[in-house]
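Biologist: I would like to go through this model and ask what stands behind each label. Please set the values against the cut-offs.

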Amino acid sequence: MAADKLAVTRATFDEVILPVYAPAQFVPVKGKGSRVWDQQGKEYIDFSGGIAVTALGHCHPVLVEALKTQGETLWHTSNVFTNEPALRLASKLIAATFAERVFFANSGAEANEAAFKLARYYASKRHSPYKSKIIAFHNGFHGRTLFTVSVGGQPKYSDGFGPKPADIVHVPFNDLDAVKAVIDDHTCAIVVEPIQGEGGVMPATVEFMQGLRKLCDEHQALLVLDEVQSGMGRSGKLFAYEHYGVTPDILSTAKALGGGFPVSAMLTTNEIASTMSPGVHGTTYGGNPLACAIAEAALDIINTEAVLSGVETRREQFVTALKALDAKLDLFSDIRGKGLLIGAALKPQHAGKARDILNAAAAEGVMILNAGTDVIRFAPSLVIEPTDIEEGMARFAKAVEKVLS
Ligand SMILES: *Cc1c(COP(=O)(O)O)cnc(C)c1O
């Protein structure tokens, strides 16, 4: 028998959900490609992509097929038993990257938690238990567990949850001298997003990333790249590190990995992985067959020339439309990011209006994101139809004009 359908609305949210979110006033009920419909049947164009998650749009037929097929086959075994989809997905991630070993989890925070624990564990086994310092960056974001939120560089997210994990140092992003000033032989890792997402869609410079790699090598520290948001094709390459000519020691991926199904992974080398042994780390759900079968299908599609090269042409379409809007309204101080992670920073005279623009955009029928109070963020499907970009940007322009008038 089907479960009873209780009538729920946006107002229900304020009664039953922990008040840690302030969701939009409409409730999406259905999605197809880059279009979404709400409870009233109103249609939206989705430029938010579930925060860089639904990289192949909503309900992509190949992902739906993978979900249905695996859903009728085997969902969960725990890690007391391994499974074929996890072994296939790990093999494909290894074939596509620097990595030789994979650990699966369910969210970006968990993949990062594993990454940071591994960095410290490796240092304690290979070097010294006192080699525990983690260098991270202002405005960085790595998730909401206590360790990841403490490595993150926005104190407002970690304040009130103390005592915090110790020996974590934050310095300004893209500032190599600041890193040089704090790195020493007690440093076990530098943790960085190649493109800061939540922190305002800010790409690292090539000199910065290459400098970090060099400093890590000089101090026998590990370079840990958080590619939870920048990875899985978002930048136009499978992982953003490929733009920089650097190889990480550890990399985390999540968000788009499952195309909307929760799954994450931490990638590393044989040498680093070999310090760990059964029981040292683990998870119940991580690497379950259902999640891995869907992620495998997503990876097979995303990691193709057709999808990856399409990212850049779609970016150009977005940027051209944003520049046209800027020429008309004198709106943005910067249009930045890589691939289909696009940040449009509002000029000082429009500072603080990102959220108003978001709400106005929803009213016009287009879903967008902000990154802080002053940056409009776009993270659409990597295969969004050019006609959807055109229509969505027209709706966005209307919304902006309303907010400014
Ligand atoms: C979203 C995000 C995370 C956290 O992922 P969750 O799945 O929400 O735990 C970590 N790092 C970066 C860079 C992210 O964008």
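Biologist: Why does Q220 count as exposed?

Modeller: The relative accessibility of Q220 is 51%. Exposed means over 50% relative accessible area, buried means under 20%, and partly exposed is in between, with a 1.4 Å probe and protein chains only. Q220 is therefore exposed, at 51%. Before we go on: this is a predicted model, in which local features need pLDDT of at least 70, side-chain atom pairs count only at pLDDT 80 or more, and totals for chains, interfaces and linings use all residues. Residues are numbered from 1 along each chain as its sequence is written, and side-chain values use heavy atoms, with hydrogens and water left out.

Biologist: Where is Q220 found, and what is its phi?

Modeller: Q220 sits in the loop between α9 (206-218) and β10. Its phi is positive, about 50°, although Q220 is not a glycine. Helices (H or I, at least four residues) and strands (E, at least two) are DSSP runs, numbered from the N terminus.

Biologist: Is A52, with its phi near 60°, buried or exposed?

Modeller: A52 has a relative accessible area of 1%, so A52 is buried. A52 lies in helix α2, and its phi is a positive value in a residue other than glycine.

Biologist: What makes the pair R395 and E43 a salt bridge?

Modeller: The term asks for a side-chain nitrogen of Lys or Arg within 4 Å of a carboxyl oxygen of Asp or Glu. In R395 and E43 the closest N and O atoms are 2.8 Å apart, and the pair forms a salt bridge. The pair links distant parts of the chain, with R395 in helix α14 (residues 386-404) and E43 in strand β3 (residues 43-46), 352 residues apart. R395 has a relative accessible area of 13%, so R395 is buried. E43, at 24%, is partly exposed.

Biologist: Why can such side chains pair at all?

Modeller: Side chains of opposite charge can pair when their charged atoms come close.

Biologist: What is the N to O distance between R88 and E296, and why does this pair tie together separate parts of the sequence?

Modeller: The distance is 3.0 Å, and the side chains of R88 and E296 meet in a salt bridge. R88 lies in helix α4 (residues 84-96) and E296 in helix α11 (residues 289-302), so the pair ties together parts that are 208 residues apart in sequence. R88 is partly exposed, with a relative accessible area of 37%, whereas E296 counts as buried at 9%.

Biologist: Why is S230 called buried?

Modeller: S230 has 1% relative accessibility and therefore counts as buried. S230 lies in the loop between β10 (222-226) and β11 (250-253). Leaving aside neighbours within four places in sequence, S230 is in contact (heavy atoms within 4.5 Å) with P194, I195, S235 and A240.

Biologist: What makes a polar contact of S230 and E227?

Modeller: A polar contact is a pair of N or O atoms within 3.5 Å; within protein, one must be able to donate a hydrogen and the other to accept it, and residues adjacent in sequence count only if both atoms are side-chain atoms. The side chains of S230 and E227 make such a contact at 2.8 Å.

Biologist: Which domains does the assignment give, and how much area do they bury between them?

Modeller: The bounds come from an automatic or database domain assignment, which gives domain 1 (10-59 + 305-404) and domain 2 (74-303). The two bury about 2100 Å² between them, 66% of it on carbon and sulfur atoms. Buried area is the accessible area (1.4 Å probe) that two parts lose on being put together, summed over both. In domain 1, L308, K338 and L341 lose the most area to domain 2, together 31% of what that side buries.

Biologist: How many salt bridges count between domain 1 and domain 2?

Modeller: The count is one. The side chains of E198 and R377 meet in a salt bridge, with N to O at 2.8 Å.
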